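Thanks for coming. I will go through one structure today, starting with its charged pairs and ending with a few details of the backbone.

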2 protein chains.
Amino acid sequence: MLAFVGLGIRGEESLTLEGLKELQQADEVYAELYTSPLPKLELPNLEKIIGKRVKVLDRREIEEGEELLKASAVKRVVLLVPGDPMIATTHVALRLKAISLGIQTKVVHSSSIISAVAGLTGLQNYKFGRSATLPLDQTSAHPYEVLGENLERGLHTLLFLDVKAEESRYMTANEGIRYLLQLENQRQRGYFTGKRLAVIVARAGGDDCLVRGDRAEKLAEVDFGPPPHALVVPGKLHFLEAEALKTLAGVPPEILAKQESLQVKGLKEELLEEIEKWIEKLEKKVEPLKSRPEMENILAYLQDSEHFRKRGDLVKSFECLIWAWALLHTSRDKLVEG
Amino acid sequence: MLAFVGLGIRGEESLTLEGLKELQQADEVYAELYTSPLPKLELPNLEKIIGKRVKVLDRREIEEGEELLKASAVKRVVLLVPGDPMIATTHVALRLKAISLGIQTKVVHSSSIISAVAGLTGLQNYKFGRSATLPLDQTSAHPYEVLGENLERGLHTLLFLDVKAEESRYMTANEGIRYLLQLENQRQRGYFTGKRLAVIVARAGGDDCLVRGDRAEKLAEVDFGPPPHALVVPGKLHFLEAEALKTLAGVPPEILAKQESLQVKGLKEELLEEIEKWIEKLEKKVEPLKSRPEMENILAYLQDSEHFRKRGDLVKSFECLIWAWALLHTSRDKLVEG
């Protein structure tokens, strides 16, 4: 039997009663602490609470899983993991391996930065788009792209800051912000300029938890203390969210007032706007010429465009409009100028 | 002092040690149980564990908050809430009200369906797009639109099923599926046909937790037992996710093999494909005519298109191509036919 027991975001105090029971009944207790740092965790204290020793495994030992699986095949084993178990791929892989060996498994859930971050900032959970990790080493534009996708839809983004616990390396919020500013500098899409509102959550769940929001360029200069940090980039704000950011994250009201102007236009929105603009332009030109026989083709394109727009096929709708416009300007007996 | 203490997804057993301490120190303990049903919660048992009475408040009493805030102003008060606190807007509003009255507040996090669902299904958390709620009463297409947005980006979707605890009404997974099928019938966008792979999570965190995936039309016929249920619609699957769905959710392998073909094309993808198609078509036509003076304009449009595509401005890039194409077909001395 292998039970994955979540340590939550705080350390031994965010163990659940179910987790505690599981630990008390266990023959062997292992822990992995490399997928997320738990600043509040005190191993001796945890060992005292559960009344047995905890053996901490490193990344290789978890990934290979040999010792764990061997023990689980004959004994009641608990693997303690930071946060809610199974968020890290490596835990899922280990669980599947155990099941394939005929070992019974169990998951005891606990608190996670994923839901905590919504509560701590007051941003509504269902308005978060996908999340991404800002990496310590390799330079990837993926988090920047994810941020852009979310902003285009008015959604908030949770950016995890990379952890290499084996090397005692934890990305700070400041490094995360600089990383994104650098990508903005390269890509120039307006997703993360120095003016962008960002919110830092440091040591979520701890007594010294810090939540602070401001313009990115301002936050980059602040010292948020020890890890772990997380970075949130809000999208469009409901008034209650704006209120919460003022109260819970100390965001200056003048920044919230300017938040609307930092919205990023999505492809769909852009295409719809373009379509409307062209229809208006075309209708003005077409109206006085409607009865002329050369117009038949052009009017047909206009009709098609409307048809496609209604069906939600914006690409075809737009295409028809450009055709109509081009025909107007290039027909043998020039119908319009300019 | 007002502490929001999460009950987690399981009932009194998913209280954390920190939450328990908070409850033991409290002068008064309130609970709200209407934002999510906790099938495993046994109030008398909870009262025994914490050694004091728990007063359950209804929706109106939480929203107005009068009794709670009055007590919190002079005493140590705990409000117990299902899951991780502050996910429901009403808790955030209550916390802001307390702070504005000078009352100290605190949040004790616990497990939430939001992170649990990833672990239980084996789907990776960072591949979930935004979530939405399937409503019991009003008929809204919003969840269908959210699902579509996510599928276009290959992302998974967590759909909450509505709860009206005061009326003992809990949407079942079957009702949720029928709701989405009905929207599909009306909108015909291919987001949720009967063939769509869906995964049900019933009673997440409980000992009788059930995770089951299949085609939507199949799942609609299955009895998943008592609430709460949640519905997950997977997007593109990593091989480890596919493996997990087979093992943890019993998804038949032949459905996983067909999952690729159910992908929904996004606007960006569509536009990029159109641009590529037109460039190829145009280059073939243009090549033999390149040296003719009438081609100057057309070649300029082609160049502009390339320039805009590189900058990521797909709408303008596409527009230039249609212009080039239209000019080729309508120039005074017809350059090409058909």
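**Salt bridges, interface, cavity**

Over all chains, the structure holds 48 salt bridges, a salt bridge being a side-chain nitrogen of Lys or Arg within 4 Å of a carboxyl oxygen of Asp or Glu. Before going on, the ground rules: this is a predicted model, where local features need pLDDT of at least 70, side-chain atom pairs count only at pLDDT 80 or more, and totals for chains, interfaces and linings use all residues. Residues are numbered from 1 along each chain as its sequence is written, chains are lettered from A and ligands numbered from 1 in the order in which they are written, and side-chain values use heavy atoms, with hydrogens and water left out.

One of those salt bridges joins the side chains of A:Glu22 and A:Arg76, at 2.8 Å from N to O. This pair links distant parts of the chain, 54 residues apart: A:Glu22 is in helix H1 (residues 17–25) of chain A, and A:Arg76 is in the loop between helix H4 (66–74) and strand E4 (77–81) of chain A. Helices (H or I, at least four residues) and strands (E, at least two) are DSSP runs, numbered from the N terminus.

Now the interface. Across the interface of chain B and chain A the rule finds six salt bridges. In a salt bridge between the chains, the side chain of A:Arg153 meets that of B:Glu149 at 2.3 Å, N to O.

How many residues are in contact? On chain B there are 75, and they touch 74 residues of chain A, with contact meaning heavy atoms within 4.5 Å. The two chains bury about 6,200 Å² between them, 65% of it on carbon and sulfur atoms. Buried area here is the accessible area (1.4 Å probe) that two parts lose on being put together, summed over both. On the chain B side, B:Leu17, B:His109 and B:Arg153 lose the most area to chain A, together 11% of what that side buries.

How are the copies related? The same surface serves both copies, as 99% of the contact residues of chain B recur in chain A.

A search of the whole structure finds one cavity of 30 Å³ or more. On a 1 Å grid over the protein atoms alone, a cavity is a set of points where a 1.4 Å probe fits but cannot get out, and lining residues have an atom within 4 Å of a point. The largest cavity has a volume of about 270 Å³, a volume being the space filled by probe spheres set on the points. Of the 16 residues that line the largest cavity, the closest to its centre are A:Ile114, A:Asn125, B:Ile114, B:Asn125 and B:Gly129.

Last, the backbone. A cis peptide bond joins A:Pro227 and A:Pro228, with omega about 0°, and another joins B:Pro227 and B:Pro228.

Notes: 1 Å grid on protein atoms, 1.4 Å probe; cavity = no way out; pocket = protein on both sides within 12 Å on 5 of 7 lines; lining within 4 Å.
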